[in-house]
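Open the model in your viewer and keep the sequence beside it. The stops below tell you what to select next.

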Amino acid sequence: METKKTTTKEINKMCKHNIRAIHDTLDVIGGKWKISIISCLSFYPMRYSELLREVEGISGKMLSRELKELEMNQLIVREVLNTHPITVQYQLTEYGETLKPLTLSIADWGVNHRKQIIG
């Protein structure tokens with residue numbers, strides 16, 4: 001039985017494909033805050049003030065900006081609840097839920113990395 005060897009040209013093509021996909025992903029979820037926001041919302045819907053409290057270090061202005069971008073990319077939905085006073089809640093969309101395994105993998109890697117470096 002003959003096995004086909006992968007050529008350098010094919011490897012380069014696969015590498016470029018992967019790099020392009022990674023850049024596309026990071027364009028949507030990259031930056032200092034988006035993964036943290038997505039991670040928080042992967043547990044349950046949260047109000048703006050809850051997110052502001054949970055995502056340590058983020059300013060209100062930056063949180064607003066990041067939420068708008070996540071909503072624009074169809075990863076979260078903003079829901080205005082009919083309460084008095086009016087409450088706004090954010091939650092992951094079904095599409096946004098597909099990022100949950102990624103956030104869990106990143107968190108696991110971070111725990112292992114901390115153990116590797118600190119001991």
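Over how many bridges do E2 and E3 pair, and in which sense? Select both strands: E2 and E3 pair in the antiparallel sense over six bridges. Helices (H or I, at least four residues) and strands (E, at least two) are DSSP runs, numbered from the N terminus. Two strands pair if DSSP finds at least two bridges between them.

A word on the source. This is a predicted model, where local features need pLDDT of at least 70, side-chain atom pairs count only at pLDDT 80 or more, and totals for chains, interfaces and linings use all residues. Residues are numbered from 1 along each chain as its sequence is written, and side-chain values use heavy atoms, with hydrogens and water left out.

**The sheet**

Stay with E2 and E3. Pick Val-77 and look across to E3: its bridge partner there is Gln-91. Now follow the chain from E2 to E3. A hairpin of five residues joins them. Stop in that loop at Pro-85. The peptide bond from His-84 to Pro-85 is cis, with omega near -5°. Most peptide bonds are trans.

E1 runs antiparallel to E3, and two bridges join them. Met-46 has Tyr-90 as its bridge partner in E3. For Arg-47, the partner in E3 is Gln-89. Zoom out: the three strands form an open sheet in the order E1-E3-E2, with antiparallel pairing.

**Helix H4**

Select residues 60-72, which make up helix H4. How far apart are the end C-alpha atoms of H4? They are 18 Å apart, which agrees with the 18 Å that its 13 residues should span at 1.5 Å a residue. The expected span is 1.5 Å times one less than the number of residues.

Colour Leu-63, Glu-66, Leu-67 and Leu-70, which are buried in H4. They cover an arc of only 100° around the axis, which puts them on the same side of H4. The arc is that of the directions from the helix axis to the C-beta atoms. Buried means under 20% relative accessible area, exposed over 50%, and partly exposed in between (1.4 Å probe, protein chains only).

What do the buried residues of H4 pack against? Show helix H2 (34-41), helix H3 (48-54), strand E2 (76-81) and strand E3 (87-92). Contact means heavy atoms within 4.5 Å. Now turn to the face of H4 away from its buried side: exposed Lys-61, Lys-68 and Met-72 sit there.

**Helix H2**

Select H2 with H4. The two helices pack at an angle of about 75°, with their axes 10 Å apart. That makes H2 roughly perpendicular to H4 (65 to 115 degrees counts as roughly perpendicular). Axes are lines fitted to C-alpha atoms, for helices over the stretch in contact, and angles run from 0 to 180 degrees between N-to-C directions.

Show side chains: Lys-34, Ile-37 and Ile-38 in H2 meet Leu-63, Glu-66, Leu-67, Glu-69 and Leu-70 in H4. Bring the sheet back. H2 lies across E1, E2 and E3, running at about 95° to E3.

**Last stop: Gln-74**

Select Gln-74, in the loop between H4 and E2. Gln-74 has a positive phi of about 60° although it is not a glycine. Is Gln-74 buried or exposed? Gln-74 is exposed, with a relative accessible area of 55%.

Key: Parallel < 35°, antiparallel > 145°, perpendicular 65-115°, else oblique.
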